[in-house]
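Hello,

Please have it open while you read.

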Amino acid sequence: MIRLRNKEICGELVLAPMAGFTDAPYRKIAKRHGASLTFTELISAEGIVRGNRKTLDLLSFNDEERPIGIQIFGKEPDVMGEAARIVEELNPDLIDINVGCSARKVNRSGSGAALLENPPLLGAIARSMVKSVKKPVSAKIRIGRDNDNKNYLDIVTLLEDAGITLISVHGRTKAQMFGGEADWDIIKEIKEKSKVPIIGNGDITSCSEARRRLHSSGCDAVMIGRGAIGNPWIFSDSIPTINEIIKQIKEHLGMMLEHYGERGIILMRKHIVRYIHGIKNASKIRAALMSSNHKDEIYAILDLFLLSHSETKE
């Protein structure tokens, strides 16, 4: 259990913030399967302050997704503070600073993981946000710029001193992006030396792996990112049947259409690919699913696929 001021987060498996994936529909699904905490996609502080409509749309959530953290990114302390103040009016459970995104378009501006290379600026941002709101402020970090510049202990201390109340640690450097392996020994070291709750993140592909990492690192919780895409069952430690997978795809598609309108079908395609990955003969229907623009047609393709599997078993 993680306690953030007067808020208790019960459970140890957390949905990571992922651009293009952890929108409101998927956050609801993850919660239904047992995620103890969810995060929004990374959201631009500049866009929030300027009132950009597309940016503000990313902020929407409801109580079914709680507890929820809204993650923002940026490089200007005053702007980050003002964005946090605006976000607080939506009443999230916490506000998160993105110090972990290694995408070039984010890092080029000096935001995301690039802040690891500028500790004074990161400290100013953290202090500005903490000062601007009453809600708990958290941060998601990486362990350093590259193998020769792993300044994670300095970064953690800096964030703690600024008033950050929770830190999520992706056990890779900025340079690694998503290559190589996450260093859980470093995550363990951070947990042993930190004053605030630590959530470990990196290479979690099953619930059993999450439990193992939780035990070996001593972390307060484990964050699951790519391993949860197309597999919300990872939060409940269950193996779905093909029937359950098809049912979940249909439910997810319905939620996407309700949330986005007809554009939801296109946005759902990347989820469908992950849901059916690994299912026998799924390659035979992938192209048809990816080219369809109608819900009923997608349902029919899935129903025929499910029927073919049933007949094979007989």
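A salt bridge here means a side-chain nitrogen of Lys or Arg within 4 Å of a carboxyl oxygen of Asp or Glu. Please keep in mind that this is a predicted model, where local features need pLDDT of at least 70, side-chain atom pairs count only at pLDDT 80 or more, and totals for chains, interfaces and linings use all residues. Residues are numbered from 1 along each chain as its sequence is written, and side-chain values use heavy atoms, with hydrogens and water left out.

Salt bridges

The whole structure holds 21 salt bridges. Arg 53 makes one with Asp 57, and their closest N and O atoms are 3.5 Å apart. Both residues sit in helix α3, 4 residues apart, or about one turn of the helix. (Helices are DSSP runs of H or I with at least four residues, strands are runs of E with at least two, and both are numbered from the N terminus.) Arg 53 is exposed at 54% relative accessible area, while Asp 57 is partly exposed at 42%. For these words, buried is under 20% relative accessible area, exposed is over 50%, and partly exposed is in between, using a 1.4 Å probe and protein chains only.

Arg 50 and Glu 46 form another salt bridge, with the closest N and O atoms 3.4 Å apart. These two are 4 residues apart in helix α2 (residues 45-50), so about one helical turn separates them. Arg 50 is exposed at 69%, and Glu 46 is partly exposed at 33%. Glu 89 and Arg 85 are also bridged, at 3.0 Å between the closest N and O atoms. A network of salt bridges links Glu 117, Arg 145, Asp 146 and Lys 174.

Strand β8

How many residues of β8 (residues 137-142) are buried? The count is 6 of 6. Val 137, Ala 139 and Ile 141 point one way, Ser 138, Lys 140 and Arg 142 the other. In a regular strand, side chains alternate between the two faces of the sheet.

β8 pairs in the parallel sense with β7 (residues 94-99) over 5 bridges; strands count as paired if DSSP finds at least two bridges between them. Ala 139 is the bridge partner of Ile 97. β8 also pairs in the parallel sense with β9 (residues 166-170), over 5 bridges, and there Ile 141 stands opposite Val 169. From β8 the chain crosses through helix α7 (residues 152-162) to β9 in a right-handed β-α-β crossover, meaning that with the strands pointing away from the viewer, the path from the first strand over the helix to the second runs clockwise.

Pockets

A pocket, on a 1 Å grid over the protein atoms alone, is an open set of points where a 1.4 Å probe fits, with protein on both sides within 12 Å along at least five of seven lines; lining residues have an atom within 4 Å of a point. The largest pocket is lined by 41 residues, and Pro 17, Met 18, Ala 19, Leu 42 and Cys 101 lie nearest its centre. Among the elements that each supply at least two lining residues are α3 and β8.

The second largest pocket has 19 lining residues, with Glu 41, Leu 58, Tyr 260, Arg 263 and Leu 267 nearest its centre. Helix α3 also supplies at least two residues here, and α11 gives the largest share, 4 residues.

Best wishes
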